[in-house]
Amino acid sequence: MGMHIRPRRNRKSPAVRSLVQETSLSASDFIYPLFLHDKEVDEQIESMPGCVRWSLTGLIKEAGEAYALGVPAVVLFPAIDESLKTSDAAECHNDAGLVPRAVRALKDAYPGLCVITDVALDPYNSDGHDGLVEKDANGELEIVNDETVAVLCEQALCHARAGVDIVSPSDMMDGRVAAIRDALDASGFEKVSILSYSAKYASAYYGPFRGALESAPKAGDKKTYQMDPANIREAIREIELDEAEGADMIMVKPAGPYLDVIAKVSDHTTLPVAAYQVSGEYLMIKAASKDGWVNEKAIALESLMGIKRAGASMILTYYAKLAAEWLKDA
Ligand code: PBG
């Protein structure tokens, strides 16, 4: 009796392999996170080799190059001058601020590019937290929820007035999706979408990002609002809430160490699922490939394919532009 079943037949040539491939990766899956600052020069980011704090001019050029390679969307992260950071984070809803100016410039230059903004207070907050900070009766720091949500609504409206396509609350306050949806709709911005960071974990993988923006918390950590890395059922709870509150898309973050969460969440929801390959994930690949220990291109593309296979339909990745180039050559 010979062996009837030989799975290798489905791997025998590139043509057959391409027919049976279950997951595909393309530039159109990517959202490109871009850092910007209010300076005339572009600055390499020390804590994130290969990433740049762009001037407005540099930002437009970089976004345009990624867009031309087929990357449909960018998400903006501003490095705000220390002198503009306050405990009420008021700069986050200044119509003449850095982000609204960048949104207007990007939409002017490339009307078809999807421009996404991060909604959270940490870049603007002198305390470095995603929400407003108060001291409770025992002198403990408290990140106050409802007062923060009111400011997040102002921030979302400010981005909407500038012409943003999608606002993306990354703050993990309770009830912010519904509040932002209400605020947008009440001002005639019902076409502005909400991509909610629904399952955002309190992760050490964000370290290099906070270095890039000098936005690390001045005191305390983010564990009273971001999720415990040990939990997955709680991710479902967060997703169900955001879905009910009117989110258009939801996100799991980080991505690589949380593939099980991406898989479970994408089984559970009919909303599109985004996953964020965060700064620490990016940096581990960068560091390991710097001296040739691993092949950067192969490892980066495999990590992105893994995230896609787990169930993400879009991936926020610092590799977006480079990966789009690699995929074009492949
Ligand atoms: C802040 C925010 C963070 C990231 C995106 N938005 C950092 C944090 O929550 O402390 C992290 C992204 C990355 O590490 O690449 N609202």
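Lys 253 lies over the face of Tyr 206, 4.5 Å from the ring centre. Lys 200 also lies over the face of Tyr 206, at 5.5 Å from the ring centre. Such a charge has NZ of Lys or CZ of Arg within 6 Å of the ring centre and within 35 degrees of the ring normal. The model is predicted: local features need pLDDT of at least 70, side-chain atom pairs count only at pLDDT 80 or more, and totals for chains, interfaces and linings use all residues. Residues are numbered from 1 along each chain as its sequence is written, and side-chain values use heavy atoms, without hydrogens and water.

The whole structure holds twelve aromatic pairs (rings of Phe, Tyr and Trp, the latter by its six-membered ring, with centres within 6.5 Å; planes under 30 degrees apart are stacked, over 60 edge-to-face, the rest tilted). The Phe 77 and Tyr 276 pair is tilted, because the centres are 6.4 Å apart and the planes stand at 35°. Phe 77 belongs to strand E4 (residues 73-79) and Tyr 276 to strand E11 (residues 273-277), so the pair ties together parts 199 residues apart in sequence. Helices (H or I, at least four residues) and strands (E, at least two) are DSSP runs, numbered from the N terminus. Phe 77 is buried at 3% relative accessibility, and Tyr 276 is buried at 2%. Buried means under 20% relative accessible area, exposed over 50%, partly exposed in between (1.4 Å probe, protein chains only).

Helix H7 (residues 233-245) has 13 residues. Its buried residues include Ala 235, Ile 236 and Asp 242. Gly 246 follows H7 with a positive phi, near 105°.

How values were computed
Expected span 1.5 Å × (residues − 1).
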